[in-house]
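Please read the following account with the sequence and the 3D structure open. It begins where two chains meet and then turns to one of them alone.

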Amino acid sequence: MIDLQLMALLLTPLTGGLLLAAFGSRSWAAELNSLMSFCTFIAAVVLTMRVIDSGPQVAFNEQFFIDQFNVFLVALTAFVAFTTSLFSRPYMRIEQHHGKLTTQMLHLYYSMYQLFTLAMLTALTSNNMGIIWVSMEAATLTTVLLVSLYRTPASIEAAWKYFILCGVGIALALFGTILLYFAAERVLGEGGTALLWTHLNQVKGGLEPTVLKLAFVFLLVGYGTKIGLVPLHSWLPDAHAEGPTPVSAVLSGLLLNVALCAVMRSKVLVDGSLGTHFAGNLMMGFGLLSVVVAALFLSRQKDIKRMFAYSSIEHMGLVTFAFGMGGPVATFAAMLHMTMHSLTKSAIFFAVGHAVQKAGTQQMENIRGMLQVSPTVGWGLMLGTLAILGMPPFGIFASEFLIITTAMHDYPWTTPFLLIALGIAFAAIFGKVQPIVFGETTARRLPHQPALIPVFAHLLLVLILGLYMPPYLADWYRQAAALLGG
Amino acid sequence: MPISYSIQIINLLASMLLLIAFAMLSQRRILSLINLFAWQGLVLSLSTFVVAYSTDQHHLYYSAGLTLLLKVMVLPWLLHRLIRKLNVKWDVETLINIPTTMLVGIGLVIFAFNLAAPISQLSESITRGLIGIALASVLLSLLMMLTRRKAVPQVVGFLAMENGLFFAATSATHGMPLVVELGIALDVLVATFIFGIFFFQIRETFDSLDITNMEKLKDD
Amino acid sequence: MMTTEQTLGILFQIYQSLLVVLLAPLLTGWVNQCRAWLQNRSGPGVMQPYRTLRKLFHKDAVMAYNASLLFRITPYILFGCMWLAAAIIPIIAVDLPFSPAADVIALVGVFALARVFISLAAMDIGTAFGTLGARREMLVSFLAEPALLMVFFTASLISHSTQLPRIVDALAHHQFVLYPSLAFAGLAFVIVLLAENARIPVDNPSTHLELTMIHEAMILEYSARHLALVEWASSLKLFAYISIGIALFVPYGIAEVGAMVGNWGSALPLAIIALLVKLILAGAALALLEALLAKMRIFRAPEFLGTAFLLAVLGLLIHFLLGA
């Protein structure tokens, strides 16, 4: 049964990718894209219900493993992928109307979009550390041509940087995986089971600590490049700023999470083997550095997508930091923050995408008075910004509050850094978004109706979760936190 | 003692892998660079074969064959073709001069060996010390990627890095599960194709494959 | 009273010393002959160096007007150093009376001593070429020497001794093992050999082109018996280097410790035949290498020798990592 459900989850995007590879240039390709994403979402929901009901499951000869931790990411991924496909339908048509995209480019976009979803879902659900690596690499490969979709010099440069840096990063992660296998082989024996996370998790106490320590450093640096941890982040702002907005939304909202999930899987093993807080400390260090550096860079940005890309680095840093602290509360908060950030950041990118289309530029000084042009876009952007900055009553306030109070309690010396960084981020982002939303307009009309339902759907969710967390959801998160050794 | 000889041969091949990594670092001509890459693939394939023979693991024969096919024949052929098509035969241009690069390379090797020293002390089998060599060649290829100006040498560096990793996977750990190895091979192949697409995109847009053209995106 | 063993040892030491000093020009002649063949020339024959030496010894020596004593004695010191070096390297047997002296570090020192004298002598006259040659020689050697030392260290790590006979013994008479570290050291040694013996690609022994020459520039002012000794010393140096190469990397066939007493009658001829075969092969290989390589600009020489150093260091590192 679980096999079937999982198969539905993975085969739907695969079918979608193949169908769109065949029919991607038809006029109804966008609708097909949304439909397939919707089916994937349904499959994810079914799978989630199943796991909530009957606990962690393995499938297909233990090659796949679904527990409360990754199923929540699966649901989130499928949901955001679905809403992004809704958003991208009018957005890409407007781009095409403006002459920035051709039908072939859209063809590529649609088929790669589905395959990208497939790669992420495989990375999330796989039990095999090797397959996780393979699908992370596949996720890079499917998105790299999307980043350069516009074929402008800047976009090609961004895509090249993305490809090379993530390629190098992911290669280091492979080395880490090999080291992990090297250690596991001595305990579990050669062959298939030595890379299966469930098996590794059972014997983690017996794994050679020296090897695992080294392996974790490589895994963290490797996957950390994908998460965008400072100082490995330099591809991230470029790729987010130069790629099409739907791609920025899924990169920021989803891919970073998937990479973080892989790091968390490794962390559980390593800390279990070492019996110390080595992996956690490393993650805290990288996370804190990312928060602080990204906050400092925020105020210098002129490009609106770039600015929000730095904000993604900041938030992923915060999540990594929280996961690094460990403990039930911090892990709970980190997962909550991951969810909130995904929803909010993709909503922001949706709103920003339309704002940029209206203004015809990504330079913030030339985008003005969105509220006059389109109140919905303006409010969407304003509310999204307030949400991402952690204003109550949005959900990010709750998660940031939890993270900072835990930090105050466990690692008091980090609190000033976190508070100052969040303060700087607030000043920088709010100061720049405020004139964009209010102020005098210079914008133009769009040939298609912008899709704003996803923006408000996401923001509404974030708001609701900020005000009231349903007990079963809290319970779910708590179980997931427990699984992560929290 | 057949096992002992196979260890010696693998050690020798490992050293050759490292030597070729250094040779690539010092190489000034792009065609020789690609040829060296093919040689490295051959060494890799041979060592995989020896490991397969000495540990009697059949799936490693497939790995060795796959390596031979992919890294000795297909990829160099693709790169040669690309170079012919793009009509670029220039010398490799470096950001740092080659002797300095070599010195940095030595430093990296020492670093890698140091890092791997505790591991090689643990292992009693065939794998002793190979992790260190694999790591060193990965780092050297990384260095090559960082210090080259043009796109093609960077890509060769990327692929050479994959070689080092593959060496770690096959020789140092007796081979990962086949499905993982196939996945890795597929990724490498797709990556090469995407690199190829990129070369054309880059040249179309910038009229050259010089990466230094691509330094516009900066945080002022 | 000397035992038979000691007497035999002394006899063989004398024999080896005479052998090397007489054989060295032949090796040079052989390399030149091979080069000629490879360049499609008929060549002067392998005995040409002997004819040149005889001719030079029959000439009257001409001294520069301001030559000092240093200039006069340098050829003798040079010849002495090289003869000493070539005579103590174990090429036919490992336990000759002088063997304890054949320490690799001492060997490097002997070569350095010769180099200092020839460079000083070159500058003694005060001509532009002599100074230029001396400077270039110093440039090359200060890069080659550390590489050579590294090569020796790699080899001595295997045998835990810096004495050449002990190294040879450890390599030749114990169980056969592939040493990856020695492969690196071997490559490095070839580069050092080319550079130190003024061969292509660093220098060209058969040219007097002022822009490129190094060794020839230093000995331009020598004539007659002095020149003969210098040339002979060069031959000996090449012989010594090739013998070191043979001793370190292909010592198989050399007579074992204790072979002197028991069956020297069979072990030694075998060792000598093995040596001759190896010398012939090495000479041909050297000529081939020179035919294949192109002379590089003097400013590229540091990079070339840097490669040797790097290879030797790599060998050393690999030895530490792999223990082989």
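In this predicted model, 39 residues of chain B are in contact with 38 residues of chain A. The largest share comes from H7(B), with 13 residues. Sorted by class, the side of chain B that touches chain A has 28 nonpolar residues, along with six polar and five charged ones.

The next step is chain B as a whole. Its secondary structure consists of seven helices and zero strands. Read from the N terminus, the order of elements is therefore α-α-α-α-α-α-α.

How is chain B packed overall? For 220 residues, a compact globule would have a radius of gyration near 17 Å, and because chain B has 18 Å, its value agrees with that expectation. The C-alpha trace of chain B spans about 60 × 35 × 30 Å along its principal axes.

Of the 220 residues of chain B, 53% count as buried, where a buried residue is one with 20 or more other C-beta atoms within 10 Å of its own. Contacts in chain B can also be sorted by separation in sequence. Among those between residues at least 6 apart, 74% join residues at least 24 apart.

Methods:
Residues are numbered from 1 along each chain as its sequence is written. Chains are lettered from A and ligands numbered from 1 in the order in which they are written. This is a predicted model: local features need pLDDT of at least 70, side-chain atom pairs count only at pLDDT 80 or more; totals for chains, interfaces and linings use all residues. Two residues are in contact if their C-beta atoms, placed from the backbone, lie within 7 Å. Helices (H or I, at least four residues) and strands (E, at least two) are DSSP runs, numbered from the N terminus. Ala, Val, Leu, Ile, Met, Phe, Trp, Tyr, Cys and Pro count as nonpolar, Asp, Glu, Lys and Arg as charged, and the others, Gly among them, as polar. The radius of gyration is taken over C-alpha atoms; the globule rule is 2.2 Å times the number of residues to the power 0.38. A residue is buried if 20 or more other C-beta atoms lie within 10 Å of its own, exposed if 12 or fewer, and partly exposed in between; C-beta atoms are placed from the backbone.
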